[in-house]
Amino acid sequence: MADRNTEHMAQYNPKNIEETLKRMEKADELKGIHRSNTNIMSFFDDNDKEHELQKQQSAAEVKKDEYLKSVELLKTLIQEKGINEDLKRVIAVGLLIETTDFLNISPDRKKMLKKNMIWCNLQYEKYTNEN
């Protein structure tokens with residue numbers, strides 16, 4: 001009798017397929033329930049969002065600091081070897097960077113910043129090649 005059951009289980013059985021499909025549908029329904037609809041899971045969703053925002057803020061601050069350090073280096077170089085007009089512009093670029101919210105930067109501000117950073121790079125090359 002055990003052999004018959006084993007043999008029977010190996011055969012195609014539409015009822016087994018139907019039950020499996022019902023289980024899969026049920027699993028899909030469970031996946032469709034948003035975690036934030038349940039109290040304990042909403043805490044984890046909020047925590048994940050907060051963590052992601054902190055990572056983005058941190059990356060924005062790092063970029064801002066890198067730009068400020070570069071501009072400060074250029075400012076020192078221009079003070080030693082440059083002209084007053086270049087010094088005024090590099091100070092203005094520094095102020096632009098300091099007042100920019102890198103996390104929520106607008107396309108216009110980003111374009112303006114990029115244009116000024118390209119200018120800074122050209123000035124840096126100009127003043128370092130004069131040596």
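Where is the place of Ile 83?

A: Ile 83 is in the loop between helix 3 (39-81) and helix 4. One caution before we go on: this is a predicted model, so local features need pLDDT of at least 70 and side-chain atom pairs count only at pLDDT 80 or more, while totals for chains, interfaces and linings use all residues. Residues are numbered from 1 along each chain as its sequence is written, and side-chain values use heavy atoms, with hydrogens and water left out.

The protein has five helices and zero strands (DSSP runs numbered from the N terminus: H or I of at least four residues for helices, E of at least two for strands). Of its 131 residues, 18% are buried (under 20% relative accessible area; over 50% is exposed and in between is partly exposed, using a 1.4 Å probe and protein chains only). Take the contacts (heavy atoms within 4.5 Å) between residues at least 6 apart in sequence: 60% of them join residues at least 24 apart.

With a relative accessible area of 48%, Ile 83 is partly exposed.

Follow Ile 78 next. Ile 78 belongs to helix 3 and, at 1% relative accessibility, counts as buried. Again leaving out residues up to four places away, Ile 78 touches Ile 83, Asp 86, Leu 87, Val 90 and Tyr 127. Ile 78 also has Thr 128 at 10.0 Å, C-alpha to C-alpha, although 50 residues separate the two in sequence.

Several of those names turn up again where helix 4 meets helix 5. On the helix 4 side, the residues involved include Asp 86, Val 90 and Leu 96; on the helix 5 side, they include Arg 109, Gln 123 and Tyr 127. The two helices pack at about 140 degrees, with their axes 10 Å apart (axes are lines fitted to C-alpha atoms, for helices over the stretch in contact, and angles run from 0 to 180 degrees between N-to-C directions). Helix 4 and helix 5 are therefore oblique to each other: under 35 degrees would be roughly parallel, over 145 roughly antiparallel, 65 to 115 roughly perpendicular, and the rest is oblique.

Gln 123, part of helix 5, is buried at 9% relative accessibility. Beyond residues up to four places away, Gln 123 touches Leu 74 and Asp 86, and Asp 86 is also one of the residues that Ile 78 touches.

Now for the loop joining helix 4 (84-98) to helix 5 (107-129), where you'll find Thr 100. Thr 100 counts as buried, at 2% relative accessibility. Its side chain reaches the backbone oxygen of Leu 96 at 2.5 Å. Neighbours within four places aside, Thr 100 is in contact with Lys 64, Ile 105 and Arg 109.

Asp 101 lies in that loop between helix 4 and helix 5 too, but is partly exposed at 42% relative accessibility. The Asp 101 side chain reaches the backbone nitrogen of Leu 103 at 3.1 Å. Asp 101 sits 8.1 Å from Ala 60, C-alpha to C-alpha, across 41 residues of sequence.

Notes:
Polar contact = N/O pair within 3.5 Å; in protein donor to acceptor, adjacent residues only side chain to side chain.
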